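Thank you all for making time this morning. I would like to walk you through one structure, going slowly enough that anyone meeting it now can follow along on the screen.

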Amino acid sequence: MIKATNLKKSYDSLNVLSDINLTIQAGQVYGLIGRSGAGKSTLLRCINGLESYDSGSLTVDGIEVNSLSDKEAREFKREIGMIFQQFSLLNRLSVYENIALPMKCWNYKKKHIDKRIKELVEMVGIPDKLYARPNELSGGQKQRVAIARALSMDPKILLCDEATSALDPNTAKSIITLLNEINNQLGITIVVVTHQMSVLRSACEEISIMENGLIVESGPVETVFLNQSRALSNLIGNKDLIFPKSGVNLKVLLSRETAEKTIVTQMSRELDADFMILGGETERYRNSVLGSLIINIPVESFAKITNYMDCHHVVWKNIEDEINTSNELEEDKRV
Amino acid sequence: MFNGEFCAEWWKYFNGIIGPSIFSTLRMLTATMVLAFIFGFALSIILIIVRPDGLDPHKRLYKVLDFFVNMVRSFPIIILIVAISPLTRAVVGTTIGEKAAILPLTIAATPFIARIFENAFAQVDKQLIEAARSFGASNMQIVFRVMVKEAIPSLVAGMTLTTISYLAATTIAGAVGAGGLGAVALNYGYQSFNNVILYTAVIILCIMAQIIQGIGNFIYKKL
C-alpha cells in the first residue's frame, strides 16, 4: 500500500508537489493524470525513491521512503519495478541480457536467471525475440522487454511513467491489455502516470487528476467521469461543438446502468419531446461502458426533460453553466 | 633513380637503421597506450562519478581533477618531456632512450584518454541510468554494466584517435632522445641531409597511422 500525506517538494522557488495526499491500495491499478508539468512524474519517482521530497510523508508498506539509507534504498527499489516512456533499454545488449541485467546486479544464480527470463518472455509475448537487439524491435516490443525487465525480480509494485505515450494507439492498447493481465495474474499494484485519457479509462480502477502540484480530484474512474468536474474538462478540453442559437444545451452522461439502455429515445417518445443530438460517444472502461450525449432542447421542455432524467437517475449537466464557469475562471486568472 | 644501386643502398639503411627503429617506436607506443589506457580509464571513471551531474557529485574533487587534466593537456608534448626530466631520471634512472620516453608519454596520454572516455560516458542516455537506478543498481554497477557497455563504440573510436596522436608524439619524443622512427628521421635523415632515410621514415609513419585507423575501424564495425 502506498500512502502520501502532505507531501511537498520544490526546486528552488518552483513547487513541484504542494501538499499531496494519496492512498493507493495493494493490488490496484491507479492512474495519475495531468498535463505536462503537473508533477505526476515527480510524484511517481518519489514512490521508488528516485527523487526525494522536502516534507510530508510517503510510505510504501509502512516504510518511510526518505528515511532509507543508500543500501536500504537499493534493496527497497528491488521491490518496485518501473517502465519508462522511452523504454530505456541498453541498445548494445540483447533482449535476454537486458532482462537479465537487474538479476545480474543482484547476483542471482545463472540457472535462476535463465529460467526466469524464459518465463518472462512468454508472459509478455515475445518468446521469439530473445536474442534480438532492441533496435531490431518495434516500439511495442521494446516496451514489452522493459516490462519483462521490470518484473524480473518479482516486484510488488510496477510504476509506469508515460509507458504508452511513445506508442501508436493500437500498440498502446495492447500494452495496456498486458498490464491489466499482469495485474490480474500476479496481483501487482500498478501506478500509471499518463496524459492519455484512453489509458486511464481502459486500465485504471481509481485515478487522481493533478494540476500544478496538487491533486484536484480523485476517486474511482467512473465516478470521476460522471462528476465531469472542471479539472476533468480542463484536461480533456471541450469539444468544438457548434451550438444552435436557441434552446438549452445539455450533456447527458450515461453511467454503467444506463449506457446500454435506450434511455434517450425512450424519453423522447414518452415525453413527446423533440431535441437535437449534437454529439455523443461511448467509451469502454476497465469494467464497464460509459457514454455521453450532448443534446439541444427547447427552453419550454427543459423542466420536463430534466425531471424525467432525474427520475431515471441519468446524470446531466447544463453546458452553458460549464462554459460560463470556465470563462469566469479564465477571467479570474487574468485578474 | 630507382636502379639496383639505389635499392641496395635503401636496403642497407632499412635493414640497419629504419627497421629496428620501427620496432622501437611500436614498443614505445604499445607500452604508452597500455599504461595510459589503464590509468586513463580509471581516471575517467572517477571523473564521471564525481562530475557535478554525475552519480555521486563531489564538486571540489572534480575541480581538482579537472584542473589537473586540463593542465597536463595544455603542455605541448616536447615541453612536457623536458620539463619533467628530473622526475623521469628519478623514476627510470635516465632521460634517454625508449624506457625514459614511456613515462612522460604516459603522463601526457592519461588525461587525454580520461577526457575522451569521460565524454563518451557522459553521452550515455541519462534515462538508462535512471532505469538502472530504478532496479537498485549500485553506482559501480551503473558505471560498469550500463555506461561502459553502452559507450564501448565511443571508447574504441577514442582509443584509435589517441593511438594515432601518440604515434606522432613518440616521433616528437625522438627529437629529445627517445629513439625510434622519429629520431631516425631527424638525426639520420633531416640533419644528415639524407632524403632517402627521411622520406622512408615519413612513409612508414603514414602507413602505420593508416593501419592503426584500419584496425580501429574494423573493431568498431565488429561491435
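This is a predicted model: local features need pLDDT of at least 70, side-chain atom pairs count only at pLDDT 80 or more; totals for chains, interfaces and linings use all residues.

Let me begin with the sheets of chain A. One of them is an open sheet of six strands, in the order S6-S7-S8-S3-S9-S10, and its pairing is mixed. At the edges stand strand S6, residues 80–83, and strand S10, residues 214–220, and each has a single partner strand, so one side of each is left without a neighbour in the sheet. Neighbouring strands here are turned against each other by 15° on average, if direction is ignored.

Within that sheet, please look at strand S3, residues 29–34 of chain A, which pairs with strand S9, residues 206–211 of chain A, in the parallel sense over five bridges. If you want a residue pair to find on the screen, A:Leu32 has A:Ser208 in S9(A) as its bridge partner.

Helix H5 of chain A, residues 139–151, touches S6 and S7 of chain A, and its direction makes about 165° with that of S6(A). Helix H1 of chain A, residues 40–47, lies across S3, S6, strand S7 (157–161), strand S8 (189–194) and S9 of chain A, and runs at about 155° to S7(A).

Chain A also has an open sheet of four strands, with the order S2-S1-S4-S5 and antiparallel pairing. Here S2 and strand S5, residues 63–64, are the edge strands of chain A, each with a single partner, and so one side of each is left without a neighbour in the sheet.

Strand S1, residues 2–11 of chain A, and strand S2, residues 14–24 of chain A, pair in the antiparallel sense over eight bridges, and among the residues involved, A:Ser10 has A:Asn15 in S2(A) as its bridge partner. The hairpin of S1(A) and S2(A) has two residues between the strands, and in it A:Asp12 takes a positive phi near 50°. S1(A) is also joined by five bridges to strand S4, residues 55–60 of chain A, the two running antiparallel, and there A:Ile2 stands opposite A:Val60 in S4(A).

Let us now turn to chain B, which has nine helices and zero strands. Along its principal axes, the C-alpha trace of chain B spans about 75 × 40 × 20 Å.

An unreviewed UniProt entry annotates residues 22–216 of chain B as "domain: ABC transmembrane type-1", and over those residues the chain is 84% helix, with end C-alpha atoms 20 Å apart. The unreviewed entry also gives the annotation "transmembrane region" to residues 28–50, 71–88, 100–117, 164–190 and 196–220 of chain B. Of these, residues 28–50 of chain B are 100% helix, with their end C-alpha atoms 32 Å apart, whereas residues 71–88 of chain B are 83% helix, with their end C-alpha atoms 19 Å apart.

How do helices H1 and H7 of chain B cross? The axes of H1(B), residues 4–50, and H7(B), residues 139–174, come within 10 Å and cross at roughly 145°, and the crossing is right-handed. Residues that meet there include B:Phe37 and B:Phe41 from H1(B), and B:Met147 and B:Tyr166 from H7(B). Sorted by class, this contact has 16 nonpolar, four polar and no charged residues.

Finally, how much area is buried between chain A and chain B? The computed figure is about 1800 Å², and carbon and sulfur atoms give 59% of it. In this interface, 22 residues of chain A are in contact with 18 residues of chain B. On the chain A side, A:Leu90, A:Arg92 and A:Cys105 supply 32% of the area that chain A buries against chain B, which is more than any other three residues.

Definitions and conventions:
Residues are numbered from 1 along each chain as its sequence is written. Chains are lettered from A and ligands numbered from 1 in the order in which they are written. Side-chain values use heavy atoms; hydrogens and water are left out. UniProt positions are given in the numbering used here, feature names are shortened, and annotations may be inferred rather than shown by experiment. Two strands pair if DSSP finds at least two bridges between them. Axes are lines fitted to C-alpha atoms, for helices over the stretch in contact, and angles run from 0 to 180 degrees between N-to-C directions. Contact means heavy atoms within 4.5 Å. A crossing is left-handed if the near helix is turned anticlockwise from the far one by less than a right angle, and right-handed if clockwise. Ala, Val, Leu, Ile, Met, Phe, Trp, Tyr, Cys and Pro count as nonpolar, Asp, Glu, Lys and Arg as charged, and the others, Gly among them, as polar. Buried area is the accessible area (1.4 Å probe) that two parts lose on being put together, summed over both.
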